[in-house]
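Dear colleague,

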Amino acid sequence: MKIKEVEKQDNKKALQIYNECFHLNKKNDNFQPDKNLIGLYQEQELIGLCQIDFINNLLEDEKIAYLNSFCITPKEQNKGYGDCFLKEIIQYCKEQKATKINLTSNSKRKYAHQLYQKNNFTIIDTVFLNKDI
């Protein structure tokens with residue numbers, strides 16, 4: 001297994017994985033992920049996704065990695081790929097000089113929370129706000 005930026009020929013597969021994992025039906029024929037979309041590849045097949053955005057917090061003088069849409073295709077879940085992928089993502093963030101990793105997760109994603117806690121993430125009390133503009 002290896003992680004790398006999602007390759008152009010895998011754009012449709014990436015969107016399919018995203019839809020399956022988050023029970024959505026997003027359709028975007030022009031889906032063009034940027035360099036922030038990292039894939040987990042088993043041999044040549046894309047089986048996992050993670051969008052990583054880096055934020056420079058000037059007030060606290062730190063670089064924060066924000067993980068979004070971390071997922072493994074449902075047919076490959078419960079095989080240890082998520083744990084392996086998360087460890088690789090953590091190492092990648094360290095190499096990018098991030099000092100902290102943040103993410104949000106739906107309260108219903110109990111198995112995801114177990115994975116994060118197994119990898120020393122701490123659940124903090126937070127309120128997530130959103131506004132369509």
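In which sense do strand 2 and strand 3 pair, and over how many bridges? Strand 2 (residues 37–42) and strand 3 (residues 45–57) are antiparallel, with six bridges between them; leucine 40 has glycine 48 in strand 3 as its bridge partner. Helices (H or I, at least four residues) and strands (E, at least two) are DSSP runs numbered from the N terminus, and two strands count as paired if DSSP finds at least two bridges between them.

This is a predicted model, in which local features need pLDDT of at least 70 and side-chain atom pairs count only at pLDDT 80 or more, while totals for chains, interfaces and linings use all residues. Residues are numbered from 1 along each chain as its sequence is written, and side-chain values use heavy atoms, with hydrogens and water left out.

Five strands form an open sheet in the order 1-2-3-4-5, with mixed pairing. Its edges are strand 1 (2–5) and strand 5, each of which pairs on one side only. On average, neighbouring strands are turned by 35° against each other, direction ignored. Helix 2 packs on this sheet and touches strand 1, strand 2, strand 3, strand 4 and strand 5 (contact: heavy atoms within 4.5 Å), and its direction makes about 160° with that of strand 4. Axes are lines fitted to C-alpha atoms, for helices over the stretch in contact, and angles run from 0 to 180 degrees between N-to-C directions.

Strand 4 (residues 62–72) and strand 5 (residues 100–103) run parallel and are joined by four bridges; tyrosine 66 stands opposite asparagine 102 in strand 5. With helix 2 (residues 81–95), these two strands make a right-handed β-α-β unit (with the strands pointing away from the viewer, the path from the first strand over the helix to the second runs clockwise).

The pockets

A pocket is an open set of points on a 1 Å grid over the protein atoms alone, where a 1.4 Å probe fits, with protein on both sides within 12 Å along at least five of seven lines; lining residues have an atom within 4 Å of a point. Points are joined across faces, edges and corners, and a volume is the space filled by probe spheres set on them.

The largest pocket has a volume of about 1100 Å³. Of its 32 lining residues, Asn102, Leu103, Thr104, Ser105 and Asn106 are the closest to its centre. Strand 4 gives the most to this lining, with five residues.

The second largest pocket holds about 610 Å³. Its lining has 23 residues, with Gln77, Asn78, Arg109, Tyr111 and Ala112 nearest the centre. Helix 3 gives the most here, with seven residues.

With kind regards
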